[in-house]
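Subject: Structure handover

Hello,

Here is the structure I promised you. Please open it next to this email and follow along.

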Amino acid sequence: MLAKESLPPWQTSRFAHLAERLGQGRFPTGLLLTGPAGVGKQALAAALVRAAYCVQREAQAQACGTCTGCQQFEAGSHPDFVLCVPEEGKQSITVDVVREFARKLYLTPQTPAGRMGYIPRADLLNVNAANALLKTLEEPPATAHLLLVSDRPATLPATIRSRCEQVRAVVDQPEVVNAWFDSQLPSLTAGQRQRYRHAPLQAVEADARGRQETAIRQQLEAIWLQQRDPILAAGDLDDELLPSVGTSLFRLIGERLGEVISRPQPIAVRLGLQRLADANASALHLAQHSQANMRLLVETQLIEWARVGRLMNRS
């Protein structure tokens, strides 16, 4: 089911226009939302899908969230919503997924809103899947709408793009974005505001990554200073943080190696740091190219990190 994302304020007028068309029965059979990452395309699409199934929504308003239709949708049980995403463990949308997607769209709808087919990452369609989708767009069900979202519409076949009404969901209200930065990310510098002005949601992601990096570094420094047990620290980390530990450790190892160069250290420290650097490089490779146990990889590195820290702090 769709995540509950707030509609960014720079997308509200675009939503209102499309939602009004939805209520008037003038919504396109195929709609393709495009624009760079970080502008809120998927939040806009999700708001439109929710609006389609709200039974007491007014004109340009968003879904109420409380009616039967909204509750059914949020529970993941709305019979007319059809989602098209890659199968678990796959990086692309295959032809079998699209065929099943199309089959469901042709079923008789159970609500007046009709069927809504949603493809949040249309650029993940492989060639055969795109060809299968084209057939549906060429002979669309009379009671269904297709909503596609893409960061890279140029990767889609021109035939698919031509069969959809395209709406560029870009940021075109700089004053609205600045006000949003003031309320959501007041600590952004002028340079950061300039950098993210066309993709504001990327600023949120960057801020979250920065906070995450700071928290991980604090844990690593505590382990280095023997203030934190490495095994307990590895066990306390949330699963989503595990991939970031190796990257943070990579940076810290570089800093410690710099200290060794500037200030002579015992051979055991130098060798320990080199072993740690090698282990970290191997762990980063395994994390990217295998199904390795991430927690075990992190635990092994943290134990070695604590050992080298103990040696270096004694010297």
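Predicted model: local features only at pLDDT ≥ 70, side-chain atom pairs only at ≥ 80, totals over all residues.

The lining of the largest pocket splits into six nonpolar, five polar and six charged residues. The pocket has a volume of about 230 Å³. In total, 17 residues line the largest pocket. Nearest its centre lie Ala 37, Gly 38, Gly 40, Lys 41 and Gln 42.

Next, the second largest pocket. About 200 Å³ of space lies there. Its lining includes Leu 22, Gly 23, Gly 25, Arg 26 and Phe 27. Ala 51, Ala 52, Cys 54 and Arg 57 are also among the lining residues. Pro 112, Ala 113 and His 145 belong to the lining too. Here the elements giving two or more residues are α1 and α2. By class, this lining has seven nonpolar, three polar and two charged residues.

- Helix α2 runs over residues 41-53, which makes 13 residues.
- From first C-alpha to last, α2 reaches 19 Å, close to the 18 Å expected at 1.5 Å a residue.
- Twelve of the 13 residues of α2 are buried, so the helix is largely enclosed by the rest of the structure.
- Among the buried residues are Lys 41, Arg 50 and Tyr 53. Ala 51 and Ala 52 are buried as well.
- What do the buried residues of α2 pack against? The helices are α1 (12-23) and α3 (68-74). The strands are β1 (30-34), β2 (81-83), β3 (115-119) and β4 (144-150).

The largest cavity has a volume of about 60 Å³. Ile 216, Gln 219, Leu 220 and Ile 223 are among its lining residues. Ala 233, Leu 237, Val 245 and Leu 302 also line this cavity. Helix α9 (residues 200-224) gives the most to the lining, with four residues. By class, the lining has seven nonpolar residues, one polar and no charged.

The second largest cavity holds about 50 Å³ of space. Three helices each supply at least two lining residues: α11 (242-262), α12 (267-289) and α13 (294-314). The largest share, four residues, comes from α13. Among the lining residues are Leu 242, Pro 243, Ala 283, Met 294 and Gln 301. This lining divides into eight nonpolar, two polar and no charged residues.

Is Arg 193 buried or exposed? Its relative accessibility is 18%, so Arg 193 counts as buried; the cut-off for buried is under 20%. The side chain of Arg 193 makes a polar contact with the side chain of Asp 182, at 2.5 Å. Leaving out residues up to four places away in sequence, Arg 193 touches Asn 178, Phe 181, Asp 182 and Leu 188.

Best wishes

Terms used
Residues numbered from 1 in each chain as written. Heavy atoms only, no water. Expected span 1.5 Å × (residues − 1). Buried < 20%, exposed > 50% of the residue type's maximum accessible area, 1.4 Å probe, protein only. Contact = heavy atoms within 4.5 Å. 1 Å grid on protein atoms, 1.4 Å probe; cavity = no way out; pocket = protein on both sides within 12 Å on 5 of 7 lines; lining within 4 Å. Points joined across faces, edges and corners; volume = space filled by probe spheres on them. Nonpolar A, V, L, I, M, F, W, Y, C, P; charged D, E, K, R; others polar. Polar contact = N/O pair within 3.5 Å; in protein donor to acceptor, adjacent residues only side chain to side chain.
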